[in-house]
Amino acid sequence: MKISKILASVSACALAASAMAISAFAEVTNGNTIGDDGKKFYSVDVMADYDVTAIYGVTFDLTWTDGGKGCGGGVGFNSESTGWKSIEYGNEGSDKALILDANGDFTYTSENPIFAASDTYAQIWVQNWWGAEVTFENITVLGKDGKPLAKKGADDSKGDDTKKDDTKKDDTKKDDTKKDDTKKDDTKKDDTKKDAAKTGDAGVGLALAGLTIAGAAAFVTKKRK
């Protein structure tokens with residue numbers, strides 16, 4: 001066998017081994033769904049937690065074993081209105097629609113709502129096709145203004161605050177009761193004054209009676225003399 005053919009065979013084997021190694025890592029390590037290719041990817045059902053007609057984007061929080069220096073994959077949406085919509089991502093320098101930032105994360109935004117009001121299911125997913133291992137951490141669903149979208153029922157806490165204000169009003173009523181008690185105390189003070197006045201009148205009466213008796217005694221004494 002010629003040396004050129006041997007080198008070609010070795011090169012082909014090396015490429016095959018490299019492809020197998022890349023393929024082995026090309027999945028989301030903690031994926032919760034198995035794709036048609038048998039590889040794991042991560043899918044999030046947003047129908048239950050969000051008003052899907054208000055979803056305009058999503059930020060993917062991912063952790064890479066190499067920091068996302070060499071990778072490629074896709075993210076997308078799955079519903080009646082979107083079908084299986086896929087957007088490719090890649091590392092810095094690639095020609096993909098989505099480029100990983102310095103933290104290995106990326107954000108997708110749309111000018112229009114991603115899902116339709118008629119959708120009965122709505123999923124957001126992420127796949128890794130080649131490169132280092134990646135772990136799905138979290139997604140942040142974004143509204144029209146690009147800010148995190150609140151989940152359904154997130155404003156219910158305001159109702160609880162209103163109830164707390166009502167309790168404060170009840171406390172005010174308790175204070176009014178205290179004011180009434182004060183008035184009652186004032187009444188008792190007035191009664192005490194009246195009692196004091198009666199005692200004073202009695203004292204004056206006794207004093208006059210004493211003077212009358214003393215005068216009568218003096219008159220009798222003079223008469224005896």
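Residues are numbered from 1 along each chain as its sequence is written, and side-chain values use heavy atoms, with hydrogens and water left out. Because the model is predicted, local features need pLDDT of at least 70 and side-chain atom pairs count only at pLDDT 80 or more, whereas totals for chains, interfaces and linings use all residues.

Helices (H or I, at least four residues) and strands (E, at least two) are DSSP runs numbered from the N terminus. Two strands are taken to pair if DSSP finds at least two bridges between them. In general, strands of a sheet pair through backbone hydrogen bonds, either parallel or antiparallel. An open sheet of three strands shows the order E7-E3-E9, and its pairing is antiparallel. Strand E7 (106–109) and strand E9 (134–142) form the edges, each pairing on one side only. From one strand to the next, the twist averages 20°; axes are lines fitted to C-alpha atoms, for helices over the stretch in contact, and angles run from 0 to 180 degrees between N-to-C directions. Strand E3 (residues 57–64) is joined to E9 by eight bridges, and Val-58 has Val-141 as its bridge partner in E9.

Strand E4 (71–79) has two antiparallel partners: nine bridges join E4 to E8, and eight join E4 to E5. Cys-71 stands opposite Gly-131 in E8, while Ser-79 stands opposite Gly-83 in E5. A hairpin of three residues connects E4 to E5. Nine of the nine residues of E4 are buried (under 20% relative accessible area; exposed is over 50% and partly exposed in between, with a 1.4 Å probe and protein chains only), so E4 is largely enclosed by the rest of the structure. Cys-71, Gly-73, Val-75, Phe-77 and Ser-79 point one way from the strand, and Gly-72, Gly-74, Gly-76 and Asn-78 point the other way.

A nonpolar core is a set of buried Ala, Val, Leu, Ile, Met, Phe, Trp, Tyr and Cys residues joined through side-chain atoms within 4.5 Å. The largest such core has 28 residues, and Val-46, Phe-60, Tyr-89 and Phe-115 have the most contacts inside it. E3, E4, E5, E7, E8 and E9 each supply at least two residues of this core. Beyond its neighbours within four places in sequence, Phe-60 is in contact (heavy atoms within 4.5 Å) with residues including Val-75, Phe-106, Trp-125 and Ile-139.

The structure holds nine aromatic pairs. Rings of Phe, Tyr and Trp (its six-membered ring) pair if their centres lie within 6.5 Å; planes under 30 degrees apart count as stacked, over 60 as edge-to-face and the rest as tilted. The rings of Phe-41 and Trp-125 have centres 6.4 Å apart and planes at 75°, so this pair is edge-to-face. Because Phe-41 lies in strand E2 (residues 40–45) and Trp-125 in strand E8, the pair ties together parts 84 residues apart in sequence. Tyr-89 and Phe-106 are stacked, at 4.8 Å centre to centre with 25° between the planes. Ring pairs link Phe-60, Trp-64, Tyr-89 and Phe-106 into a cluster.

Asn-30 lies in the loop between helix H1 (3–25) and strand E1 (33–34). At 30% relative accessibility, Asn-30 counts as partly exposed.
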